[in-house]
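Please keep the sequence and the model at hand while reading.

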Amino acid sequence: MDTCIIKSPLGFTKITGDVNGIASVIVLNSEEKVSVKIPKTLKDCVLQLIQYFEGSREQFSLKLNPKGTDFQNRVWLSLQTIPFGKTTSYLQLSKQLGDPKAIRAVANANGKNPLWIIIPCHRVIGTDGSLTGYAGGLHRKQWLLDHESPYKQQSLF
């Protein structure tokens, strides 16, 4: 499995994958040495993440290979249908998957998403519109939602 570390606006990010696709993109809570050489299998992912953070990419076009249960994979596929700049709730996601009572299982699968940003689990919020759990930290979730918002906060001064 190929690995690299890049620096993003939200911290150091570890990317793993191989010819079968990108297996994980995780934000780290510590400083790491940035990779000098990016493996060929990860170059497109690094480029697309840079474009996302620069604001020139709204959708990812990558071969993905996350490891999860059948249910987790169904949830992760469903997450990929949430448009850039939009949000949904765990309840709406559960209903979309055909079982409104599976809200906790959906939230759990959402929290185990190994492909930070690429599978946009940050776009899932509470039914009341509140920010709820996020493996990368709620400050990162807020940053990502603000980054994707069509309504940019303007400075008053």
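## Terms and basis

Two strands are said to pair if DSSP finds at least two bridges between them, and helices (H or I, at least four residues) and strands (E, at least two) are DSSP runs, numbered from the N terminus. The model is predicted, so that local features need pLDDT of at least 70 and side-chain atom pairs count only at pLDDT 80 or more, while totals for chains, interfaces and linings use all residues. Residues are numbered from 1 along each chain as its sequence is written, and side-chain values use heavy atoms, with hydrogens and water left out.

## Overall fold

The chain contains 5 helices and 5 strands, which follow one another along the sequence as β-β-β-α-α-β-α-α-β-α. Its radius of gyration is 16 Å, close to the 15 Å that the globule rule gives for 157 residues, so the chain is as compact as a globular protein of that length; the radius is taken over C-alpha atoms, and the rule is 2.2 Å times the number of residues to the power 0.38. Along its principal axes, the C-alpha trace spans about 50 × 45 × 25 Å.

Buried residues (under 20% relative accessible area, with exposed meaning over 50% and partly exposed in between, for a 1.4 Å probe and protein chains only) make up 46% of the 157 residues. Among contacts (heavy atoms within 4.5 Å) between residues at least 6 apart in sequence, 56% join residues at least 24 apart.

Strand β1 (residues 2–8) pairs with β2 in the antiparallel sense over 7 bridges, and the two form a hairpin with 2 residues between them. Strand β2 is also joined to β3 (residues 21–27) by 6 bridges, again antiparallel, and a hairpin of 2 residues connects β2 to β3.

Ile 15 in β2 shows how the strands line up: Cys 4 stands opposite Ile 15, and in β3 the bridge partner of Ile 15 is Val 25. Strand β2 (residues 11–18) is mostly covered, with 6 of its 8 residues buried. Phe 12 has Lys 7 over its face, at 5.0 Å from the ring centre; a charge sits over a ring if NZ of Lys or CZ of Arg is within 6 Å of the ring centre and within 35 degrees of the ring normal.

## Aromatic pairs

A search of the whole structure finds 5 aromatic pairs, where rings of Phe, Tyr and Trp (its six-membered ring) pair if their centres lie within 6.5 Å, and planes under 30 degrees apart count as stacked, over 60 as edge-to-face and the rest as tilted. Tyr 52 and Phe 60 form a tilted pair, 5.6 Å centre to centre with 35° between the planes, and Tyr 52 is buried, with a relative accessible area of 0%.

Phe 53 and Trp 116 form another tilted pair, at 6.3 Å centre to centre and 45° between the planes. This pair links distant parts of the chain, since Phe 53 belongs to helix α1 (residues 40–54) and Trp 116 to the loop between α4 (103–111) and β5 (124–125), 63 residues apart. Ring pairs link Tyr 52, Phe 53, Phe 60, Phe 84, Trp 116 and Trp 143 into a cluster.

## An exposed loop residue

Lys 33 is found in the loop between β3 and α1 and is exposed, with a relative accessible area of 70%. The C-alpha atoms of Lys 33 and Trp 116 are separated by 19 Å, and the two residues lie 83 residues apart along the chain.
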